[in-house]
Amino acid sequence: MFTAVLLVIHLFIAAALIGVVLLQKSEGGALGMGGGGMSGFMTGRSTANLLTRATAALAAAFFLTSITLAWLAGNTTGPRSVIPTGPTAPAQQAPAQQAPAAPAAPAAPAEPSAPLAK
């Protein structure tokens, strides 16, 4: 139950992180094309921006929930494979002891067979 709640929180954090990143203004100008110089790089106003801080907080929460979910998945007590192994496998179970059955009498045909037409 805890894992399911944590997974839902993780998905909300991921969606919020995507939204916050998409809201930010691009300072590179299409991967450095088009000039613009280095005037906007690492200014005091851009580093203290609310969106930058929100991105950092959401990224930290995303990493924390990712690590927690990975730890929870690794510490499960259930089977680790969908293929059954060991004594619970149907092919490896011993057949049940049954009483020996009486020999079956040969079955008589219900109707005599008709001769084949030539």
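Reader: How far apart should the end C-alpha atoms of H1 be at 1.5 Å a residue?
Author: This is a predicted model. H1 has 22 residues.

Reader: Within what arc do the buried residues of H1 fall?
Author: The buried residues of H1 are Leu6, His10, Ile13, Ala14, Leu17 and Val20. Seen down the helix axis, they line one face of H1, so their directions stay within an arc of 135°.

Reader: Which residues are exposed on the other side of H1?
Author: The buried residues of H1 pack against H3. On the other side of H1, the exposed residues are Leu11, Phe12, Ile18, Leu22 and Leu23.

Reader: Which helix do the buried residues of H3 pack against?
Author: H3 runs over residues 50-74 and reaches 36 Å from its first C-alpha to its last. Its buried residues are Thr55, Leu58, Thr65, Leu69 and Leu72. They pack against helix H1.

Reader: Is threonine 55 buried or exposed?
Author: Threonine 55 lies in helix H3. Its relative accessible area is 18%. Buried means under 20%, so threonine 55 is buried.

Reader: With which side chain does the side chain of threonine 55 make a polar contact?
Author: Leaving out residues up to four places away in sequence, threonine 55 touches Leu17, Val20, Val21 and Gln24. Leu17 and Val20 are among the buried residues of H1. The polar contact of the threonine 55 side chain, at 2.5 Å, is with the side chain of glutamine 24.

Definitions and conventions:
Residues are numbered from 1 along each chain as its sequence is written. This is a predicted model: local features need pLDDT of at least 70, side-chain atom pairs count only at pLDDT 80 or more; totals for chains, interfaces and linings use all residues. Side-chain values use heavy atoms; hydrogens and water are left out. Helices (H or I, at least four residues) and strands (E, at least two) are DSSP runs, numbered from the N terminus. The expected span of a helix is 1.5 Å times one less than its number of residues. Buried means under 20% relative accessible area, exposed over 50%, partly exposed in between (1.4 Å probe, protein chains only). Contact means heavy atoms within 4.5 Å. The arc is that of the directions from the helix axis to the C-beta atoms. A polar contact is a pair of N or O atoms within 3.5 Å; within protein, one must be able to donate a hydrogen and the other to accept it, and residues adjacent in sequence count only if both atoms are side-chain atoms.
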